[in-house]
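Work through the exercises below with the sequence and the model in view, and try each task before reading its solution.

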Amino acid sequence: MTTETRQKDPAKPLTPKGRATRRRIVAAAAQLMYERGLTEATLEDLRAAAGVSGSQIYHYFADKQALLLAVIEFQTEAVLEMQEPHFTRLDTMAGLRGWRDALVEYQRRLQCRGGCPIGTLGTEVAENNPEARLAVASGFLRWESAIREGLTAMHARGELDADPDDLALATLAALQGGLLLTQIQREVRPLEVALDAMLDHIARVRVSP
């Protein structure tokens, strides 16, 4: 896609139809970038996938950078929304293991393809796009915060003898490493082992009532 910049009126609100069109473009771009990578996701591919013209794309996005940032936000919301039912139960070992099981089963349904949508984008932008890197980092911080809330609740109840901040960061790191190896090896065992090791550690630092 060209990086041509178009001037837009940021104060002008979108109509419901406009919002739907914009979301369709972002969803199509997210899927293309996820499947093919940033450099292989062309404007022509996006036009066909979203069923829009090039002028429509630039009506909603000033340039490719603006679209990329929208895709990062879209993927972050999708990843977190998928886990939302489990986030409220991460203050117990049963809830943590239920979350683990859901993540593993999701990868099994995907046949271990694709990896983490946020992580995949992060790998592509980390060294050459500071603004996008920060957007990905923000998404990871939101994910880490959702994990930390449950661990903090356990700690506040006197059930956890460890720093919930460190545990949350380590859990997310284990999850990301497990997802990468699962994608490469095309089997869920790396994700299972990574998460089980982390949850076993949390169980060991848990204080019995």
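The model is predicted, so local features need pLDDT of at least 70 and side-chain atom pairs count only at pLDDT 80 or more, while totals for chains, interfaces and linings use all residues. Residues are numbered from 1 along each chain as its sequence is written, and side-chain values use heavy atoms, with hydrogens and water left out.

**Exercise 1.** Determine whether arginine 100 is buried or exposed, and find its salt-bridge contact with aspartate 101.

Solution. Begin with the terms: buried means under 20% relative accessible area, exposed over 50%, and partly exposed in between, for a 1.4 Å probe and protein chains only. Arginine 100, with a relative accessible area of 13%, is therefore buried, whereas aspartate 101, at 41%, is partly exposed. Next, a salt bridge requires a side-chain nitrogen of Lys or Arg within 4 Å of a carboxyl oxygen of Asp or Glu. The N to O distance for this pair is 2.8 Å. Finally, look beyond the pair: a network of salt bridges links Arg100, Asp101, Glu105, Arg108, Glu192 and Asp196.

**Exercise 2.** Locate the salt bridge between arginine 148 and aspartate 165.

Solution. The side chains of arginine 148 and aspartate 165 come to 3.5 Å, N to O. Arginine 148 belongs to helix 7 (residues 130–156) and aspartate 165 to helix 8 (residues 164–185), so this pair ties together parts that are 17 residues apart in sequence; helices here are DSSP runs of H or I with at least four residues, numbered from the N terminus.

**Exercise 3.** How many salt bridges does the rule give?

Solution. The count is 13.

Technical notes: Helix = DSSP H or I, 4+ residues; strand = E, 2+ residues; numbered from the N terminus.
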